[in-house]
Amino acid sequence: MTHLTRLLVPLLILALLAGCAGRPTPPEGERAAGQWAAQRERLKELDTWLLAGKVGLRTPEDSTSANLDWSQHPHYYRLLISGPFGSGRSTLEGRQGRFSLTTAEGRFEAETPEALMTQQLGWSLPVSALSDWVRGLPSPRSAHRLERDALGFPQRLEQDGWEIAYRDWTRTDGLWLPRRMVMTYGTLRATLVVTDWRPALDE
């Protein structure tokens with residue numbers, strides 16, 4: 001083997017290894033192209049989680065916020081809202097088409113969670129679709145328009161009169177999940193910032 005050959009062989013091996021590696025692996029904690037498509041089916045199957053965060057509510061007349069603790073299960077959910085716009089402490093529960101809201105004034109029921117919140121709190125979040133939107137998915141119940149960012153992640157979703165902007169993401173248990181969402185309906189603007197995402201995944 002000539003001196004030139006001894007130099008070329010290692011270089012060719014390195015070139016082949018580099019070709020097999022393809023695109024470099026992104027640094028830990030950073031999103032990358034293809035990740036959203038790879039996890040979409042797992043997200044669709046995700047139906048149980050615990051979530052804690054803060055909701056900010058803004059209208060032309062007022063601006064306020066409250067803490068949110070959300071427990072989601074396949075046939076039951078509970079949203080505990082505590083703080084200024086939750087009348088101190090309010091608990092919204094849904095189970096098999098039955099919805100109730102418990103406040104300091106008592107326990108109330110209505111046909112939809114949105115109607116219940118509007119009647120008792122004077123404002124409402126899109127609860128029926130929120131369990132999909134908070135996973136970065138459109139609700140399957142109605143038509144929608146979805147825009148994606150350069151990496152393929154949801155960036156802007158329009159559905160049921162709402163516009164949802166996904167502003168930040170967090171990686172938990174191998175899943176990328178929304179960390180900050182801004183939801184707008186007319187002059188109502190609701191911002192959800194998640195401080196603790198705990199998805200329950202089937203192994």
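Modeller: This is a predicted model. Its largest nonpolar core has 44 residues, and those with the most contacts inside it are W70, W133, M181 and M183.

Colleague: What does M181 touch, not counting residues up to four places away in sequence?

Modeller: M181 touches L130, W133, V134, I164, A165, Y166, A190, T191 and L192.

Colleague: Which secondary structure elements does the protein chain contain?

Modeller: The protein chain has four helices and eleven strands. Of its 203 residues, 38% count as buried.

Colleague: Why is T172 called buried?

Modeller: The term requires a relative accessible area under 20%. T172 has a relative accessibility of 15%, and therefore counts as buried. This residue is found in strand β9, residues 162–172. Leaving aside neighbours within four places in sequence, T172 is in contact with L177, W197 and P199.

Colleague: Which residues of helix α3 are buried?

Modeller: In α3, which spans residues 113–121, the buried residues are P113, L116, M117 and L121.

Colleague: How do you know that they are on the same side of α3?

Modeller: They cover an arc of only 95 degrees around the axis, so they are placed on the same side of α3.

Colleague: What covers the buried residues of α3?

Modeller: The cover includes the strands β3 (76–83), β4 (88–95), β5 (98–103) and β6 (106–110), together with helix α4 (127–133). After α3 comes G122, whose phi is positive, near 85 degrees.

How values were computed. Residues numbered from 1 in each chain as written. Predicted model: local features only at pLDDT ≥ 70, side-chain atom pairs only at ≥ 80, totals over all residues. Heavy atoms only, no water. Helix = DSSP H or I, 4+ residues; strand = E, 2+ residues; numbered from the N terminus. Buried < 20%, exposed > 50% of the residue type's maximum accessible area, 1.4 Å probe, protein only. Contact = heavy atoms within 4.5 Å. Arc of directions from axis to C-beta. Core = buried A, V, L, I, M, F, W, Y, C linked by side-chain atoms within 4.5 Å.
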